[in-house]
Amino acid sequence: MLGLGGLGHLGVQYAAAMGFETVGIARGAEKADFAKRLGAHHYVDSTSGTPVAEALQSLGGAKVVLATAGHSEAITATVEGLAPRGELVVIGADTEPLGISPVQLLMSGRVVRGHPSGTAKDVEDTMAFSALHGIRPMTESVPLAQADEAYRKMLEGRARFRMVLTTG
């Protein structure tokens, strides 16, 4: 799981609940304990000096990297960490292109795909799975009067999880 923010913190919980050996990837050693609390079996600090791909390969290579972080350079850094026939699923949006060469895909049969938001049925299934496994999103509540400030915080990438506007 690349990114432990608004989508990533949920992704780690879902993957762990499904029984997958889960790796959290984020910036900073201080997020290691957080990743473990979410259910990650391993944590990779992308700022540690060890390339992310090398860290993933030392764990046997990733079968899937779910890239929730909206940062093309960070997403690109995971490609060589994929196992043969591994899959990179990009759901974090960025306007910069990914720096992936055809050779990185061809020689190991790797796949890169994007995934849009789910259908109403996907949302229903996700909610049911969340309820069954006690998975809850982490949110930051802000009064409706501060909606503009919350929106700017989100656009600037300073929102830690999900911004929720309250009226009471």
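Residues are numbered from 1 along each chain as its sequence is written, and side-chain values use heavy atoms, with hydrogens and water left out. Because the model is predicted, local features need pLDDT of at least 70 and side-chain atom pairs count only at pLDDT 80 or more, while totals for chains, interfaces and linings use all residues.

Begin by selecting M1, G11, Y14, A15 and L66, which are the closest to the centre of the largest pocket among the 40 residues that line it (a pocket is an open set of points on a 1 Å grid over the protein atoms alone, where a 1.4 Å probe fits, with protein on both sides within 12 Å along at least five of seven lines; lining residues have an atom within 4 Å of a point). This pocket holds about 1,600 Å³ of space, the volume being that filled by probe spheres set on the points. Next, colour helix 6 (120–133), which gives the largest share of the lining, six residues (helices are DSSP runs of H or I, at least four residues, and strands are runs of E, at least two, numbered from the N terminus).

Then select G5, T68, A69, G70 and G157, the closest to the centre of the second largest pocket among its 33 lining residues. Its volume is about 1,100 Å³, and helix 4 (72–76) and strand 7 (162–166) are among the elements that each supply at least two lining residues.

Finally, centre on G109, in the loop between helix 5 (102–106) and strand 5 (111–114). Beyond its neighbours within four places in sequence, G109 is in contact with R85 and G86 (heavy atoms within 4.5 Å).
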